[in-house]
Amino acid sequence: MEKDISTDITTNEGGKVIFANDVIATIANLATMEIEGVMGLTGGVMEELTGKLGKKNYTKGVKVEVNDDTVVADMTIVVKYGCKIQDVCRQIQQNVKKAIETMTGLDVAQVNVFVQSIAFDKAAKPVVEDIEKTTEE
């Protein structure tokens, strides 16, 4: 349940730094996409519709909750077939935590990764068809 659309971080210099939750979600999304084996992130119906309209949605598949200076991020991903899913998820957790903490100074308490589905590499499909053609000749 996201009540706030931004997070206030009070600095020692007497001013405020304010992060919109979408900024943190975008950082998490981009950090996730850097990991080998991640085919994409998946979101809800509205996020899918936005994607079909041609808009790039960098918060797709990411839910962020910020309490005080602590972040909890939920990532919903699609993994490439053949990858070690546990390794991919561990790398996502490490990369997202590092990216958010480095870029915002916030502490990341949890990065939860939900594997929604497995995607098959489209390039592998013609190879199977080529083998079938070769055996028929």
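Start at Thr76. Leaving out residues up to four places away in sequence, Thr76 touches Gly40, Leu41, Thr42, Gly61, Phe114 and Gln116. Contact here means heavy atoms within 4.5 Å. Thr76 is found in strand β5. With 18% relative accessibility, Thr76 counts as buried. The cut-offs: buried is under 20% relative accessible area, exposed is over 50%, and partly exposed lies in between, with a 1.4 Å probe and protein chains only.

A word on the source. This is a predicted model, where local features need pLDDT of at least 70 and side-chain atom pairs count only at pLDDT 80 or more, while totals for chains, interfaces and linings use all residues. Residues are numbered from 1 along each chain as its sequence is written, and side-chain values use heavy atoms, with hydrogens and water left out.

Now the overall layout. The chain has 4 helices and 6 strands. These are DSSP runs numbered from the N terminus: helices are H or I with at least four residues, strands are E with at least two. Along the sequence the pattern reads β-β-α-β-α-β-β-α-β-α. Of the 137 residues, 31% count as buried. Take contacts between residues at least 6 apart in sequence: 65% of them join residues at least 24 apart.

Back to β5, residues 70–80. Is this strand enclosed or open? Of its 11 residues, 8 are buried, so β5 is largely enclosed by the rest of the structure.

Which strands pair with β5? Pairing requires at least two DSSP bridges between two strands. Strand β3, residues 38–41, runs antiparallel to β5, joined by 3 bridges. There, Leu41 stands opposite Ile77. Strand β4, residues 62–67, is also antiparallel to β5, over 6 bridges. Val62 has Met75 as its bridge partner in β5. β4 and β5 make a hairpin with 2 residues between them, and Asp68 in that turn has a positive phi of about 55°.

Asp69 is in the loop between β4 and β5. Asp69 is partly exposed, at a relative accessible area of 40%. Asp69 and Asp107 are 38 residues apart in sequence, yet 6.1 Å apart in space, C-alpha to C-alpha.

Next, the parallel partner. Strand β6, residues 107–119, runs parallel to β5, with 11 bridges joining them. Ala73 stands opposite Val111 in β6. From β5 the chain crosses through helix α3, residues 85–104, to β6, and this β-α-β crossover is right-handed. The convention: with the strands pointing away from the viewer, the path from the first strand over the helix to the second runs clockwise.

So what about α3 itself? Its 20 residues should span 28 Å at 1.5 Å a residue, and the end C-alpha atoms are 28 Å apart, which agrees. The expected span is 1.5 Å times one less than the number of residues. Buried in α3 are Val88, Cys89, Ile92, Asn95, Val96, Ala99, Ile100 and Thr104. They cover an arc of only 135° around the axis, which puts them on the same side of α3. That arc is taken from the directions from the helix axis to the C-beta atoms. The face turned away from the buried side carries the exposed residues Gln86, Gln94, Lys98 and Thr102. Cover for the buried residues includes β2 (16–20), α1 (21–33), β3, β5 and β6. After α3 comes Gly105, with a positive phi near 80°.

Last, the core. A nonpolar core is a set of buried Ala, Val, Leu, Ile, Met, Phe, Trp, Tyr and Cys residues joined through side-chain atoms within 4.5 Å. The largest has 27 residues, and Ile24, Val71, Met75, Ile77, Ile92, Val96 and Ile100 touch the most other members. Two or more residues each come from α1, β3, β4, β5, α3 and β6. Which element gives the largest share? α3 does, with 6 residues.

Finish on Met75. Setting aside neighbours within four places in sequence, Met75 contacts residues including Ala28, Leu41, Val62, Ile92, Val96, Val111 and Phe114.
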